[in-house]
Amino acid sequence: MIDQLSLPAMGCGTWAWGNRLLWGYDPVMDQELQQVFDFCVAQGITLFDTGDSYGTGRLSGRSESLLGEFSQAYQGPNQAKIILATKLAPYPWRLTAGAMKRAYRASSERLQRPVDLVQMHWSTANYAPWQEKNLLRGLAELYGAGLVKGVGLSNYGGDRLRKVHRWFEEWGVPIRTLQVQYSLLSTDPVLKYDVKAVCDELGIQLIAYSPLALGLLTGKYSLDKPLPKGLRRRVFKQILPNMEELQGCLTELMSIHQKTMAQIALNWCICKGTIPIPGAKNLAQAEENAGALGWQLAPAEVEALDRAAAKATKTMVQNPFQSR
């Protein structure tokens, strides 16, 4: 069954879609996002990752609903290769395998088709480790029943990954993917929590979410330009002064390869053996993201970026649910 899930070199994360739709429906925005979806699939970017917690409150599951609409409407190249992945949140009221299977059914209804890749959104190891095994067994049972093509995890560190991998081995179910926050400004999951080494050992594909560090790796933001409001502004003001060497290295590689900063940053993720899933709010962003494909940084260039990234004294805040 697992061979049915052929993952592309890059996917599209739809958190941005859910985030933009928290306050209401916008037909113009929906049309823009349909254009993003259509373009990505036509270009061979066929993995779309979302979550049942994206778009909450009265817009519950809105990101999944939109993705389902776009998938049903699309007719064009690579239609048969579309992979819809969703993450089910281990909410405190979800305590049993049956609860996760019910959550899956709700997501499948919103997506208007079976989910290809179902994932645990985060580990409960940091606050309620007793809750986790039953929920994961629910995902395993979905796979065993043939309802999903693959099972994945999110925000797990190497130690916890080994533990739950043993559970899945007992259940006879492979773990297909693990996604973590990973970028040039967020290397802790790989360097401190060993996720890449463990994934390689266990045959698990690593997916990199937030590969552009909320836009810090696009060149859009600097201290002499307007910054976003709220918490992001505070974070950006801390990080930007400490990433000068990294920006310099990215700028040099932009000139060499005639690529944008975002394309260099995404290609770095690909060279590291991950599948980056950048968000795209409009067609221009989707087109720029697609420019990260079809070429590759040289090993020496990847090493130069590694060294420059290591000198950034302030980096992205880690997801509080990231386990060790």
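**Fold, buried residues and salt bridges of the predicted model**

F70 is found in helix 3, which spans residues 62–73; helices (H or I, at least four residues) and strands (E, at least two) are DSSP runs, numbered from the N terminus. The structure is a predicted model, in which local features need pLDDT of at least 70 and side-chain atom pairs count only at pLDDT 80 or more, whereas totals for chains, interfaces and linings use all residues. Residues are numbered from 1 along each chain as its sequence is written, and side-chain values use heavy atoms, with hydrogens and water left out.

F70 is buried, with a relative accessible area of 2%. The term buried denotes a relative accessible area under 20%, exposed one over 50%, and partly exposed the range in between (1.4 Å probe, protein chains only). The C-alpha atom of F70 is separated by 9.2 Å from that of L111, although the two residues are 41 residues apart along the chain.

The protein as a whole contains 13 helices and 8 strands. Its radius of gyration is 19 Å, close to the 20 Å that the globule rule gives for 324 residues, so the protein is as compact as a globular protein of that length. This radius is taken over C-alpha atoms, and the globule rule is 2.2 Å times the number of residues to the power 0.38. Along the principal axes, the C-alpha atoms fill a box of roughly 50 × 45 × 40 Å. Of the 324 residues, 55% count as buried. Contacts (heavy atoms within 4.5 Å) were also examined by their separation in sequence: among those between residues at least 6 apart, 78% join residues at least 24 apart. The protein exposes about 14,100 Å², of which carbon and sulfur atoms supply 51%; accessible areas come from the Shrake-Rupley method with a 1.4 Å probe, and for residues only the protein chains shown count as cover.

Side chains of opposite charge can pair when their charged atoms come close. The structure holds 15 salt bridges, each defined as a side-chain nitrogen of Lys or Arg within 4 Å of a carboxyl oxygen of Asp or Glu. One of them joins the side chains of R62 and D30, at 2.9 Å from N to O. This pair links distant parts of the chain, with R62 in helix 3 and D30 in helix 2 (residues 27–42), 32 residues apart. Both R62 and D30 are buried.

A salt bridge is also formed by the side chains of D49 and K87, at 2.5 Å from N to O. Because D49 lies in strand 2 (residues 47–51) and K87 in strand 3 (residues 83–88), the pair ties together parts that are 38 residues apart in sequence. D49 counts as buried at 4% relative accessibility, and K87 is buried with a relative accessible area of 1%.

In the salt bridge between E64 and R110, the closest N and O atoms are 2.6 Å apart. E64 lies in helix 3 and R110 in helix 4 (residues 97–111), so this pair ties together parts that are 46 residues apart in sequence. E64 is buried, with a relative accessible area of 0%. Salt bridges that share partners join D30, R62 and E69 into one network.

A search of the whole structure finds 0 disulfides, a disulfide being a pair of cysteine sulfur atoms within 2.5 Å. For C40, the nearest cysteine sulfur is that of C12, 4.6 Å away; C40 is buried, with a relative accessible area of 3%. For C269, the nearest cysteine sulfur is that of C271, 9.4 Å away. C269 is buried, with a relative accessible area of 0%.
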